[in-house]
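Welcome to this tour. Open your viewer, keep the sequence panel beside it, and select each stop as we reach it.

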Amino acid sequence: MSQVVKKKFRCHPEPNECKGCGRCVNACPKKLLKLGSALNIMGVPYAEYVGDGCIGCGACFYTCPEPGAITVFEITGEE
Ligand code: SF4
Ligand code: SF4
């Protein structure tokens with residue numbers, strides 16, 4: 001008997017790699033990213049992952065112009 005296990009994902013934008021362009025905020029189909037009010041070391045607001053329900057689509061990752069700013073990963077185990 002097969003069992004369907006729904007995968008869970010999470011996104012992590014790295015504050016000090018982000019230049020605050022907002023592309024990922026617009027790209028996320030689940031509206032899980034936003035620019036906060038705090039500033040990073042470059043003095044710009046940075047993207048934050050808010051809430052949960054990331055589907056792992058990668059839209060934020062592919063639209064981000066900063067290599068290494070966004071990581072999308074699968075959540076494994078009990079979380
Ligand atoms: S992987 Fe997709 S659903 Fe998850 S935060 Fe990025 S754009 Fe949103
Ligand atoms: S697309 Fe990249 S650089 Fe632009 S706000 Fe999102 S994480 Fe920051």
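Start by selecting Pro45, which is partly exposed because 17 other C-beta atoms lie within 10 Å. The rule behind that label is this: a residue is buried if 20 or more other C-beta atoms lie within 10 Å of its own, exposed if 12 or fewer, and partly exposed in between, with C-beta atoms placed from the backbone. Before moving on, note that this is a predicted model, in which local features need pLDDT of at least 70, side-chain atom pairs count only at pLDDT 80 or more, and totals for chains, interfaces and linings use all residues. Residues are numbered from 1 along each chain as its sequence is written, while chains are lettered from A and ligands numbered from 1 in the order in which they are written.

**Around Pro45**

Pro45 belongs to strand S3. Helices (H or I, at least four residues) and strands (E, at least two) are DSSP runs, numbered from the N terminus. Which residues does Pro45 touch, leaving out those up to four places away in sequence? They are Gly20, Leu35, Gly36, Ser37, Ala38 and Leu39. Touching here means contact: the C-beta atoms of the two residues, placed from the backbone, lie within 7 Å.

**The hairpin**

Select residues 33-39, strand S2, together with residues 45-49, strand S3; these strands pair in the antiparallel sense over 4 bridges. Two strands pair if DSSP finds at least two bridges between them. Look across from Leu35 and you will find Ala47 of S3 opposite. The hairpin has 5 residues between its strands, and in it Gly43 takes a positive phi near 80°.

Next, go to Lys31, in the loop between helix H1 (23-27) and S2. Lys31 also has a positive phi, near 55°, and is a residue other than glycine. Is Lys31 buried or exposed? Lys31 is exposed, because 11 other C-beta atoms lie within 10 Å.

**Zoom out**

Reading along the sequence gives the pattern β-α-β-β-α-β. The C-alpha trace spans about 55 × 20 × 20 Å along its principal axes. Of the 79 residues in the chain, 19% are buried. Among contacts between residues at least 6 apart in sequence, 59% join residues at least 24 apart.

**Ligand 1**

Select ligand 1, and then the 16 residues that surround it. A residue is counted near a molecule if its C-beta atom, placed from the backbone, lies within 6 Å of it. The closest are Cys11, Cys28, Cys54, Cys57 and Cys60. Strand S1 (8-13) and helix H2 (59-63) each supply at least two residues of this shell. By class, the shell has 13 nonpolar, 2 polar and 1 charged residues. For these classes, Ala, Val, Leu, Ile, Met, Phe, Trp, Tyr, Cys and Pro count as nonpolar, Asp, Glu, Lys and Arg as charged, and the others, Gly among them, as polar.

Pick out Cys57, in the loop between S3 and H2. Cys57 is partly exposed, with 15 other C-beta atoms within 10 Å. Then click on Cys60, found in helix H2. Cys60 counts as buried because it has 26 C-beta neighbours inside 10 Å. Setting aside residues up to four places away in sequence, Cys60 touches Cys11, Cys24, Ala27, Cys28, Leu33, Ile70 and Val72.

**The core**

Cys60 is also one of the residues that touch the most other members of the largest nonpolar core, a set of 14 residues. S3 and H2 are the elements that give two or more residues to this core. A nonpolar core is a set of buried Ala, Val, Leu, Ile, Met, Phe, Trp, Tyr and Cys residues joined through C-beta atoms within 7 Å.

**Ligand 2**

For the last stop, select ligand 2 and the 15 residues around it; Cys18, Cys21, Arg23, Cys24 and Cys64 come nearest. This shell has 9 nonpolar, 3 polar and 3 charged residues. Which loop holds Cys64? Cys64 sits in the loop between H2 and strand S4 (70-75). Cys64 counts as buried, with 20 C-beta neighbours inside 10 Å. Finish by drawing a line from the C-alpha atom of Cys64 to that of Cys21: the two are 43 residues apart along the chain and separated by 8.5 Å.
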